[in-house]
Amino acid sequence: MRIRDVVIGANASMYYKLNFRKIKGVYYPRNTIEVIAAIRHAQSNGFTVTPKGGGSGLSGACTGGDDERVMISSLQMKDVLTVSKDQGYMDVEGGIVIDRINEFLDPMGMRFYVAPSSRDTATAAGVLSTDGGGNDTWVNGTMRDNTIRAQVVLYDGRLITVDWEGVKSNDKALEAQLNDIGVTLHDVASSHGTLGFITEMRLKIRPKFTEKLVGGLAEFSECNALGKALTDMIDRQSPIRYGEAITIAHDDVREGFDPPLLILEFPEDYVDEIKDITDYKPLDAAELARMKNIRIKLPKRNPNVGVQFALFEGYGFHGDSLLKLQDNLDEIEALLNSHGMAPFGKYGHGPSKWYLGDNTPTYGLILHSREIRPEGKSGEELLNVVLEIVDKCEELGVTPKPEHKWPFSDVTKKKRLEEIRQVIGDGFNPFLLSPECNDVLGSMV
Amino acid sequence: MSYDKCVRCGACLAFCPMFDATGEEQFSPRGKAYLLQVMDQIEDDEELGKEFRRLLFQCSMCGRCEEQCASGVDLLKVWHEQRAKAVEKAPEEFEYLEPLKDALANVKNIYGLAEEDRAIYWLDELEDEIPGLEDRVYKKGKTADNMIFLGCLMSFRGSQMDVLRSLFKTLEKLDVDYLVMGADENCCGHPLYLMGDDDGAEKLREHNKSVIESAQAKNVITCCPGCLIQLREHHNLEKTEALHHTQFFDRLVEAPPKYDEAEQFSYHDPCELHRILEIKTEPRSLISKMGIEFKEMDLSCCGGGGLLRMTDPALSDKVIQLKAAKEGVKHTTVITACPSCREQLLGQDLKTKDIVELLSHTLGGSE
């Protein structure tokens, strides 16, 4: 075992104590040919394959679980391949970080409109694998909405290109099989590395918005009012360009603000509409930048005493569960408290959008959650709390882990992936589909 | 243990010059912090331990990871402590550092040259050009308002001679009351500090402190940010202010003549100067007072710090090569204010000038 085999386990989830001896190879390929070579090495030795991007996700998918496996990092596949400003797309390698995409596009007056909080680390392929979004997903869609096609290397080394029409491959029999079962980008989105290694992507790019935006801060006495305001924005399809809610923030990091609150940025023409929905306080550019900074750092900051961790990555409140946001949060908080979890922060995108496992778009509030890491709890105990939260979410009509939902709840998505894997092979990240998945994850907490 | 506060978000990967140069996660701050977090799982593996200890010294200690870390992990302190532990646990793996330690213990400089030679090479070179320079060398009983602390690189390396010439000429031109510590200067202790040997560093500092105090200096001035870290933060000087030469000259010079050469300039801000010592305004103020227009280079490391030139020279070279290529500075003059950065830039055949070279030129003292 080499130290690079250990360090590949570094990731932002609470699943980070891997059995390193099961890692049989770590690769940082620089092109598709090297990816294929790495996969062939795995296949010929009977190892599974786990793709890894920036490691900023919270699902634990990039750990590969407990299989004897080869880990393939995309971090050296970070080039922009082509840009067509006129046709509104760019081709990139899968390991390019979202912020780098926009640094590249900025001088051209173009932008890639997907903004996860981890955009300084998250790779394009990684964000598609979780179907991540961000503070402007409500108007710009999730990663799948902004992806035109993806090239994927399968476990047997064959290449497929998946777009919204279907699959293309040099292997016509494979192409036909996958098209027969209707494989599209919907399937690659949120597949958590279970299908293959994404080497290249064609992404939608658009001219930077030139409309004049204004900022505002809406403060609420309790979260049902916040849920009502978000519901109204969704019903009226208010063009919120940036919408971030904070419902709880630890004293050490809230910088004088008193959640619940909603930070907003929207076109100047909609001032009256937003005023009609909620009594917000206008923010000038500097105040807005400060609020955005407070928000974006919440997932990374720590209380003065103790360490924050992501026990449960997030909650998708929509419909009635959004209107009863406070009541539902009270129930979730009570459950957390009963297990000795002290809240650190709950914050997230609203209004926002996510897809359910059957690819139905859903609109509401994605609320991320951080707790203060309790002392003396075993991994198994912590995972059991996670599973209890999943049950609670289902009881409350809340989507558990709306962006990084794997592997907890989405039976429909699991079934679909299994169907596809019957065609393409099951060598990629099989632990996520195995009945032992929860036990494996629990062992890594 | 503050590395426990690392949430492994990976934001540091975007800025770490070691990760940039190697492309592998074990060289990144997250990778190293992660290794500490899972150390209980791997500490029994001797080979892994050895690899980890080597990794700790494959870092230029530029501090950008700590600056960027939203989780508040004091990474420089972590690396410092871990380096000390590494050397203590497996001294045989660091035998290559022994000649340096021996040199510092015996002759108090990093080159192992005789102590009295500290004021030989540059004095031989410059005494004709700068009359009375020999009298500026400190001897017991002499006092001055300002004590010049050259540091090892500037005392012994010919590649620093132009900076020294400009420094002394500028001091003379401005009628500054100064002495140079000369043979009474010990190494500041920074190299030992960087390998976690605080006790060894302290012995060197004690001597320096007594000399500076006996000279009744109000200021101790150095061109070397590494030396300044030691002088300002660790020498416990009570009546003497430790200053970078750019700070000293920026206070002293209000309106120097404008720089009259038409050159393209870039400014490479030394990591230890701006990030660790937080001296950011004075170098730029001084350059601007001379009317020099310059392009700000990215605040990334040149690879010259943290003992990296000694512990992994190939990696150090790769860091500066990548930086030079990214910044496109081949046809510009890179202004800087650190002898280590200067060595890195010269090593890539880049044209470089210390700020005091520019100042000396405008004051008519250099050429």
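How many bridges join strand β1 of chain B to β2(B)? In this predicted model, in which local features need pLDDT of at least 70, side-chain atom pairs count only at pLDDT 80 or more, and totals for chains, interfaces and linings use all residues, three bridges join β1 (residues 146–148) to β2(B), and the two strands run parallel. Residues are numbered from 1 along each chain as its sequence is written, while chains are lettered from A and ligands numbered from 1 in the order in which they are written.

Within this pair, B:Met147 stands opposite B:Leu179 in β2(B). Both strands belong to an open sheet of four strands in chain B, ordered β2-β1-β3-β4 with parallel pairing, where strands (E, at least two residues) and helices (H or I, at least four) are DSSP runs numbered from the N terminus and two strands pair if DSSP finds at least two bridges between them. The edge strands, each pairing on one side only, are β2 (178–180) and β4 (241–244) of chain B.

Elsewhere in chain B, helix α14 (residues 245–252) and helix α16 (residues 281–289) pack at an angle of about 50 degrees, with their axes 8 Å apart; axes are lines fitted to C-alpha atoms, for helices over the stretch in contact, and angles run from 0 to 180 degrees between N-to-C directions. In this contact, B:Thr246, B:Gln247, B:Phe249 and B:Asp250 in α14(B) meet B:Glu282, B:Pro283, B:Ser285 and B:Leu286 in α16(B), two residues being in contact if their C-beta atoms, placed from the backbone, lie within 7 Å.
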